[in-house]
Amino acid sequence: MSAAAAGTSRAAHGPDVAQKKRRGPGALATAYLVIYNVVMTAGWLVIAVGLVRAYLARGSYHGLYYSIEKPLKFFQTGALLEILHCAVGIVPSSVVLTGFQVMSRVFLTWAVTHSVREVQSEDSVLLFVTAWTVTEIIRYSFYTFSLLNHLPYLIKWARYTFFFVLYPMGVTGELLTIYAALPVVQKTGLYSVTLPNKYNFSFDYYTFLILAMLSYIPLFPQLYFHMIRQRKKVLGHVDDYTKVE
């Protein structure tokens, strides 16, 4: 369950050229998607500005999460609409894949960072929030300009280059945050269900979080190298031309 990969590899709101040529959204759907992506770009810019302003005011990066907690929750939760967009067909992406990617981030936002308040002051939270913020500003800008058929090369390049640093950075922050939450979850029994109960059902949230962390082991390399292949596919011919020059 790699939440960092959600923003890095997700193509929920920027259908590639081939898909777009085959079955692009209608005029009304395109207008809606443009507005959605503009709003999401602006929202993550608000988060970025909030982080910078809080840092300049405090002179320290510790505890910056509290300065952007509300907009982070709002705009990250707003990404749930991307699942709906796929479900109704205005975006040609897999509902299952998009749902998994979006929910992984929503899970980390609400079920870990929000629910385990002790981790909110951890530097690891700032690590993944910073990675998410830069990634989403680039991603939503990429989709907006793609829908308008006017994509600046700089944004395209950033979309397929910044992941080299942002993806590992986000994954590291996510893993460290979940790890920091484990003692609290184990001690409080947060979200766990023990037997006996009338439903004859048990759930150990502590174990679930450990399994979630272990899922990064197979997922991280696959998604990371997938993005490298995508970069070569999208930017490779440009890089080759540059080398020749």
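**A salt-bridge network and the helix beside it**

Guide: E136 is buried, and R105 is buried as well, where buried stands for a relative accessible area under 20%, exposed for over 50%, and partly exposed for what lies in between, with a 1.4 Å probe and protein chains only. The model is a predicted one, so local features need a pLDDT of at least 70 and side-chain atom pairs count only at pLDDT 80 or more, whereas totals for chains, interfaces and linings use all residues. Residues are numbered from 1 along each chain as its sequence is written, and side-chain values use heavy atoms, with hydrogens and water left out.

The side chains of E136 and R105 meet in a salt bridge, with N and O 3.1 Å apart; the term requires a side-chain nitrogen of Lys or Arg within 4 Å of a carboxyl oxygen of Asp or Glu. E136 belongs to helix α7 and R105 to helix α6, so this pair ties together parts that are 31 residues apart in sequence. Helices here are DSSP runs (H or I, at least four residues), as strands are (E, at least two), and both are numbered from the N terminus.

A further salt bridge joins the side chains of E82 and R139, again at 3.1 Å from N to O. This pair links distant parts of the chain, as E82 sits in helix α5 and R139 in helix α7, 57 residues apart. Both E82 and R139 are buried, and E82, R105, E136 and R139 are linked in a network of salt bridges.

In α5 (residues 81-88), the buried residues are E82, I83, H85 and C86. Seen down the helix axis, they fall within an arc of 160°, so they line one face of α5; the arc is taken from the directions that run from the helix axis to the C-beta atoms. On the other side of this helix, A87 and V88 are exposed. The cover over the buried residues of α5 includes α3 (27-58), α6 (95-114) and α7 (123-147), with contact taken as heavy atoms within 4.5 Å. The residue that follows α5 is G89, whose phi is positive, near 90°.

The accessible areas come from the Shrake-Rupley method with a 1.4 Å probe, and for residues only the protein chains shown count as cover. L81, found in helix α5, is partly exposed at a relative accessible area of 37%.

Helix α7, which carries E136, also holds T133. T133 is buried, with a relative accessible area of 3%, and, leaving out residues up to four places away in sequence, T133 touches W44, I47, A48 and L51.

The protein chain has 11 helices and zero strands, and 46% of its 245 residues are buried. Of the contacts between residues at least 6 apart in sequence, 78% join residues at least 24 apart, and the bridge between E82 and R139 is likewise a link between distant parts of the chain. The protein chain exposes about 12,800 Å², of which carbon and sulfur atoms supply 68%.
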